[in-house]
There are 2 protein chains.
Amino acid sequence: MKSDIEIARAAKMQPIQEIAKQLNIQADDLEFYGKYKAKLPLHLIDENKVRNAKLILVTAITPTPAGEGKTTTSISLAMGLNKIGKQATVVLREPSLGPVFGVKGGAAGGGFAQVIPMEDINLHFTGDLSAVEKANNLLAALIDNTLQNKKRGLNIDPRTINWKRVMDMNDRSLRNTVIGLGGIANGIPRETGFNITAASEVMAILCLAKDMHHLRKMLGNIYIGQTFDGDPVFARDLKAEGAMAVLLKDAIKPNLVQTTENTPAIIHGGPFANIAQGTNSLIATKMGLSLSDLVVTEAGFASDLGAEKFFDIKSQYGNLKPNAVVIVATIRALKYHGGINKSGFSIPNPQAVEQGLANLEKHIENMKLFGFNPVVALNRFATDSDEEIEVVKVKCTSLNVKMAINEAWEKGGEGAIDLAEKVLEAVTHCPSCFNPLYNLEWTIEQKISAIAIQLYGAKAVEYSLKAHKDIELINKLGMNYLAVCMAKTQNSLSDNPDLRGRPEGFTLNIREIEIASGAGFVIPIAGTIMRMPGLPAIPAAENINFDDEGNITGLF
Amino acid sequence: MKSDIEIARAAKMQPIQEIAKQLNIQADDLEFYGKYKAKLPLHLIDENKVRNAKLILVTAITPTPAGEGKTTTSISLAMGLNKIGKQATVVLREPSLGPVFGVKGGAAGGGFAQVIPMEDINLHFTGDLSAVEKANNLLAALIDNTLQNKKRGLNIDPRTINWKRVMDMNDRSLRNTVIGLGGIANGIPRETGFNITAASEVMAILCLAKDMHHLRKMLGNIYIGQTFDGDPVFARDLKAEGAMAVLLKDAIKPNLVQTTENTPAIIHGGPFANIAQGTNSLIATKMGLSLSDLVVTEAGFASDLGAEKFFDIKSQYGNLKPNAVVIVATIRALKYHGGINKSGFSIPNPQAVEQGLANLEKHIENMKLFGFNPVVALNRFATDSDEEIEVVKVKCTSLNVKMAINEAWEKGGEGAIDLAEKVLEAVTHCPSCFNPLYNLEWTIEQKISAIAIQLYGAKAVEYSLKAHKDIELINKLGMNYLAVCMAKTQNSLSDNPDLRGRPEGFTLNIREIEIASGAGFVIPIAGTIMRMPGLPAIPAAENINFDDEGNITGLF
């Protein structure tokens, strides 16, 4: 079997203007980044078409640490739909360099279902993440500069500043820092830290903004901290939002690339789903809906994270009406939830699969809560036994849920035709079933409870002293109408990464609640989740290199 | 008078493939970044042509804090040479966001001598600085990750680590930090700090590398610190250089843009001249020389900084043979050196100009030390009186140096024809006069002394205890053969920013000496210069915005 990067390199890429033609985009509307990437101008968005095209969300069961191929499934579903004569575009997030150099080594699909040029997509791409990082860190520099130049009268209490710097890197040692050391010429010493860029509120804003004016307004609404008199301070009080928006002038435009089968792919925005809203930009989704009949998109991790936020935050704010949901499952992950570890993944074990089905069942229930009867896509691995697959099939039938076996990793779009047909049925059957889990008017605690109890399966929510104080502040600031964007481990439906399957009777622990008023949500942080990941003992970076012909190696 | 950004926007841009045609580049060799920017593949470099084309360096007298228009002069000189029938390309550095959002608001020339699209060039451009930043910070993350995962056995003594993180931002509060706080999950606490990206050794390496393989090798040679046993640790010991080089795979390619008169401009690499080597990449210079008969390039700040490093580091390592030197002067700066402050700049004062000439004279002497009889380009301002200009003219004549009045800011290339003609004479007269100031075999102290005493005019060099220890370490590591890249204030020929004119009898104070063995030099830090700038009380960022038509405002 070839490696992902070998398959990607062997794929016959078409010039990007040829891909654009499929979407009826004039070459003159393309802003080329090399021969195979282009940015799309926002004027191509057509709200009428947005309303009429069909939107399909791909989510998953709780994944093993390696991931279960949600991106691969999304790409292959779009390719499969094209194979059966439909016009479908896949719309995805941009990879973050953190995981690329950490565990994953790449995030552009796998096998014969990839987006290409995968090297570029995995590395810098068109610079959007860097632009987000710069806009975030410009605001940070302006804040500390305001502290240094006290005479300007903003009177910010440094102890209240909640705006962190960001870096697109897995760098645990930046989580907790002290800055401004070295005497009066070098700033005001204070505690702060770095998040990964994918968790930046600026990224969240970029992914929820409708246009440049909206973007600037949202940036201005970023809450920074308080004055010594207890008054809130926003980015607009520092006149930061203009320069921040200007830094994002290109980043706001979605990127057009192609799949390994030359179907159009739009890739834009990259918030993680465990610590941010976990779906590509609203602009990219609308762009996809404006340009094709069907859009396949994904939301990060499982239904408790990406999908919930896709519905409650993105769809609710963005007025989207999703039409169908796919839940990706693998025999491997079901075994994992049935108590088996990595060493046992390739040994047939239908009983373990059976036991792990509780996790799948919960995710199916979750999608029903939002009004959908999901299609289960079983991402097939060579080591899966027929008996194991039968176990899943029986369960799905008993739950009145359709299941398709996806063999796209090995066979490309051809391997996803069964899935495509079942999804098409679901779309036709349910043109607009969607309803959100909570209303924005509810209190912060009510919104958190709805997610924790209904979706995660918790019996209760417990707030730390700090979290209580944070809610008090949120209420005092009149921000209780904001949405809720949970930060929680992706390894469990609960906030304890070790609880597999379908945890019950647990209490969800809210450690603190950050305010992201620019983006329009608050971020309750559950359990021990970190907003800046670390590198593993042997980082993927060590194996990334290039060979004598200049080909990049070690991305997969 | 229109603002720079208005002039830039009014300029009639040609599609970048048209500019490429002027240089006989096939459209297929261009990697487009939008319609008006493109990256150039390295195979266009032709060493034969590099040897035969002519290279003109633009330097300056000691500038006022606002700068004296060196970039403007370089651009206009190239335009002027084209006006008189020569094929000339201007090769420049990329702007850093730090100064753009700090004092300067932009760095792409001025008036009718700009490189365009100036908004893009000033903001992210093609992502090169971000790539440098990522490569630098990946190494930092790998270092701290190695400390965290002790079992891997590199045994690095955290107290010896000299590798800092970088950010392309003026952010003084990041100069001195403590990272790794928060307990065992969050790294090893240690003191460190951030430099601005333009001062990164990775930037220096990018600007001195010959190709991807050379780049990777140089990255591997980066000195990080020592083990507890006192052995040196390099980036290659962490297997970092492959991934770092891969991050720079696009950044290594020079960027083609155009001037406001559609002459070709290559912009690539962005090290500052006060804290790094201060000239565009060697690759870009060679690209320019491969593609045109004449290349005009600049080195940052005055002859004591950018020009010295251009000759001693870049030309010596890169085997370049510069053919002529231009020294930019302004009546304003001469008055400044004659003791006048900003409020008096526009009031005619020939005596102050006369007094300030000592500074110009020293820079002329400096260029003679390298074997050149420079041409003085007097950048004319509307407020300059004829009498003041006459003072400069008389002085230049007495020194046997040609002087041209440059009116390009107001008139574009037309205003630089006199300069172009005089420079052409200098080139013809002196096809290869260049000799460096020191040989690499000299000791570190000898090299520093040569620069300090001969070029700065110091009477002696004093080393701090730390600097002495640094030299000991450098010698112990066998790195005494490295070049010397001084970090020193740009506001004075001395290390004291308040000493104007031609300071004499001063002692140059070396605070410490950093090792940049990957780039091939050591960095003696003189006086109080900082490698991370700060923002002013009212940063330019506050005025950067966009109007209702989407046009960017506040860049100049």
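**View 1. The side chain of B:K488 reaches the backbone oxygen of B:L493.** The model you are looking at is predicted, so local features need pLDDT of at least 70 and side-chain atom pairs count only at pLDDT 80 or more, while totals for chains, interfaces and linings use all residues; side-chain values use heavy atoms, leaving out hydrogens and water. Residues are numbered from 1 along each chain as its sequence is written, and chains are lettered from A and ligands numbered from 1 in the order in which they are written.

**View 2. Here are the surroundings of B:K488.** You can find B:K488 in the loop between β20 (483-484) and β21 (507-516) of chain B; helices (H or I, at least four residues) and strands (E, at least two) are DSSP runs, numbered from the N terminus. Why does B:K488 count as buried? Its relative accessibility is 0%, and buried means under 20% relative accessible area, exposed over 50%, and partly exposed in between (1.4 Å probe, protein chains only). Leaving aside neighbours within four places in sequence, B:K488 has contacts (heavy atoms within 4.5 Å) that include B:N274, B:D304, B:Y456 and B:I529.

**View 3. B:R502 and B:E365 form a salt bridge.** Their closest N and O atoms are 2.8 Å apart; a salt bridge is a side-chain nitrogen of Lys or Arg within 4 Å of a carboxyl oxygen of Asp or Glu. B:R502 lies in the loop between β20 and β21 of chain B and B:E365 in helix α14 (residues 350-369), so the pair ties together parts 137 residues apart in sequence. B:R502 is partly exposed at 27%, and B:E365 is partly exposed at 30%.

**View 4. A salt bridge joins A:K395 and A:E361.** The closest N and O atoms are 2.9 Å apart. This pair links distant parts of the chain, with A:K395 in helix α15 (residues 386-398) of chain A and A:E361 in helix α14 (residues 350-369) of chain A, 34 residues apart.

**View 5. A:K253 forms a salt bridge with A:D250.** Their closest N and O atoms are 3.5 Å apart. A:D250 is buried, with a relative accessible area of 14%. Over all chains, the whole structure holds 58 salt bridges.

Key. Polar contact = N/O pair within 3.5 Å; in protein donor to acceptor, adjacent residues only side chain to side chain.
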